[in-house]
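Colleague: I would like a close look at one part of this model. Please take me through it step by step.

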Amino acid sequence: MTVVATAAALSLPISYSKSPKLNFKKVLNFQSVKGGFRVFAVFGEEGAIERKSGWETLFDVEDPRTKVPQCKGKFLDVNQALEVARYDIQYCDWRARQDVLAIMLLHEKVVEVLNPLARDYKSIGTMKKELAGLQDELAEAHRQVHISEARVATALDKLAYMEELVHDRLLQDRNTAELDSPSTSTDTSTHSHASVNRRSPKKSLNVSGPVEPYHPRLKNFWYPVAFSSDLKNDIMIPFDCFEEPWVLFRGKDGNPGCIRNTCAHRACPLHLGSVNDGRVQCPYHGWEYTTDGKCEKMPSTRLLNVKIKSLPCFEKEGMIWVWPGNDPPAANLPSLNPPPGFQIHAELVIDIPVEHGLLLDNLLDLAHAPFTHTSTFAKGWSVPSLVKFLTPASGLQGYWDPYPIDMEFRPPCMVLSTIGISKPGKLEGQSTRECSTHLHQLHVCLPSTRQKTRLLYRMSLDFAPVLKQIPFMHYLWRHFAEQVLNEDLRLVIGQQERMINGANIWNMPVSYDKLGVRYRLWRNAVEEGAKQLPFSEST
């Protein structure tokens with residue numbers, strides 16, 4: 001058996017976001033040194049005396065991207081793939097050094113602002129404003145360092161895997177004879193033919209039959225898995241993601257962590273235990289795990305070097321995110337904040353007994369509202385003679401006509417919508433801009449298993465802030481959300497049953513199915529490994 005890997009699987013992450021913004025004109029001078037650079041720090045106002053940085057040797061590292069083998073799109077043998085993986089690690093090291101440099105320079109700027117000499121020409125208000133800005137930049141720089149750490153860990157795991165492939169290949173070459181060339185030729189021809197058939201473009205969507213296992217490429221995205229407000233310091237949140245059990249908790253530093261919800265000792269579910277001093281304690285024999293999965297306590301026995309799997313996990317804008325894929329995590333976490341002027345009124349988490357793609361299909365379709373939601377938000381809606389979803393030719397967002405609703409699919413599993421309303425159950429105007437009050441919704445459809453979705457729902461309003469002060473109001477919002485979902489579920493569960501038995505749920509799409517069709521085409525492209533995903537901004 002020949003072991004090969006594509007360069008795309010090990011391509012360097014050269015499109016990472018920039019380091020936190022710094023005023024390099026005043027802070028840094030760069031001197032080229034054999035393809036790298038040396039750092040000279042300049043502090044204070046322009047014209048100040050330059051002084052050589054004491055960190056020169058640490059950051060005098062050449063950018064490895066100039067030496068990367070040009071092999072993208074080519075098939076590599078294991079040794080070539082191993083070399084690409086090594087460059088991957090070198091890049092992660094170089095990137096991490098730049099992140100640390102950014103933090104050190106920001107610390108220097110804090111010291112500069114607090115310098116007693118600065119008080120002679122700066123007011124306290126100015127200094128407070130500068131310190132607040134530097135604090136935000138430091139927080140972003142520290143987050144970039146944590147992401148760099150996650151990239152390095154992923155790259156090391158990938159390198160270990162490639163080394164294992166090389167070892168297996170050497171053993172195979174040593175202990176087995178070569179296969180007969182005719183049969184090899186036949187097998188190769190058959191495999192090539194099957195590959196061509198698999199990659200050939202489909203004329204129409206076909207979503208039918210039992211739900212297939214999730215493709216690994218679908219995991220290489222940041223996924224929101226919980227709301228920050230639900231993750232207290234002393235509790236755990238268990239959840240499934242891509243048919244694997246995980247548990248969220250906060251470590252000693254208050255930052256969230258995500259580890260496999262299975263004790264390494266006897267496979268006991270960890271969420272049945274407790275959080276002690278920033279560690280999860282297994283309820284069976286008391287083994288305790290940190291946020292990176294390392295077991296730091298084993299009562300009644302000798303401490304062994306044990307570690308369970310953990311996922312890159314970060315917190316941003318009131319949500320907890322994880323990266324379940326094998327590729328290095330993307331540098332930037334998406335923003336899911338409501339638009340300016342909106343206040344969050346409800347955050348709900350509900351388990352839905354359908355595959356997440358079916359739920360997304362439903363959420364991206366509004367034409368069904370006057371027929372399905374006749375007891376809730378669409379009560380009294382008239383049935384228009386024509387429903388259209390208007391969108392750019394290459395977009396995953398747009399607006400509904402005649403309904404004043406803007407909608408967007410945000411990869412990999414989010415739906416954002418803004419609805420113009422006048423009073424409950426009624427619509428006004430022909431677009432959201434013509435409406436005076438609005439409801440903003442976020443739906444996150446996390447793939448738990450092949451027949452279960454973890455739905456994160458957030459509702460925001462740009463009116464009636466007094467509703468946030470009413471006791472037990474969140475129970476009312478949850479009741480209403482469950483009513484709307486139940487109207488959909490009886491239909492979507494029926495779809496799922498027929499799909500499993502062979503029916504094509506996208507047998508005859510029409511014009512108002514546009515956004516749902518685009519989601520399916522995007523997902524197909526991800527699973528097929530397309531170099532350029534459809535409907536992206538660069539398309």
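Colleague: Are helix 6 and helix 9 roughly parallel or roughly antiparallel to each other?

Modeller: This is a predicted model, in which local features need pLDDT of at least 70 and side-chain atom pairs count only at pLDDT 80 or more, while totals for chains, interfaces and linings use all residues. Residues are numbered from 1 along each chain as its sequence is written, and side-chain values use heavy atoms, leaving out hydrogens and water.

Now the two helices. Helix 6 spans residues 356–363 and helix 9 spans residues 514–528. Helices here are DSSP runs of H or I with at least four residues, strands are runs of E with at least two, and both are numbered from the N terminus. The two helices pack at an angle of about 150 degrees, and their axes are 8 Å apart. Axes are lines fitted to C-alpha atoms, for helices over the stretch in contact, and angles run from 0 to 180 degrees between N-to-C directions. Helix 6 and helix 9 are therefore roughly antiparallel to each other. The cut-offs: under 35 degrees is roughly parallel, over 145 roughly antiparallel, 65 to 115 roughly perpendicular, and the rest oblique.

Which residues meet? From helix 6 come H356, G357, L358, L360 and D361. They meet G516, Y519, R520 and R523 of helix 9. Contact means heavy atoms within 4.5 Å. By class, this contact has three nonpolar, three polar and three charged residues. Ala, Val, Leu, Ile, Met, Phe, Trp, Tyr, Cys and Pro count as nonpolar; Asp, Glu, Lys and Arg are charged; the others, Gly among them, are polar.

Now step back. The protein chain has nine helices and 23 strands. Of its 539 residues, 45% count as buried. Buried means under 20% relative accessible area, exposed over 50%, and partly exposed in between, using a 1.4 Å probe and protein chains only.

The largest nonpolar core has 85 residues. Such a core is a set of buried Ala, Val, Leu, Ile, Met, Phe, Trp, Tyr and Cys residues joined through side-chain atoms within 4.5 Å. Helix 8, residues 473–500, gives the most to this core, with seven residues. W400 is one of the residues with the most contacts inside the core. Not counting residues up to four places away in sequence, W400 touches residues including L364, F389 and Y512. Another core, of 16 residues, lies apart and includes F249 and V275.

Finally, sequence distance. Among contacts between residues at least 6 apart in sequence, 63% join residues at least 24 apart.
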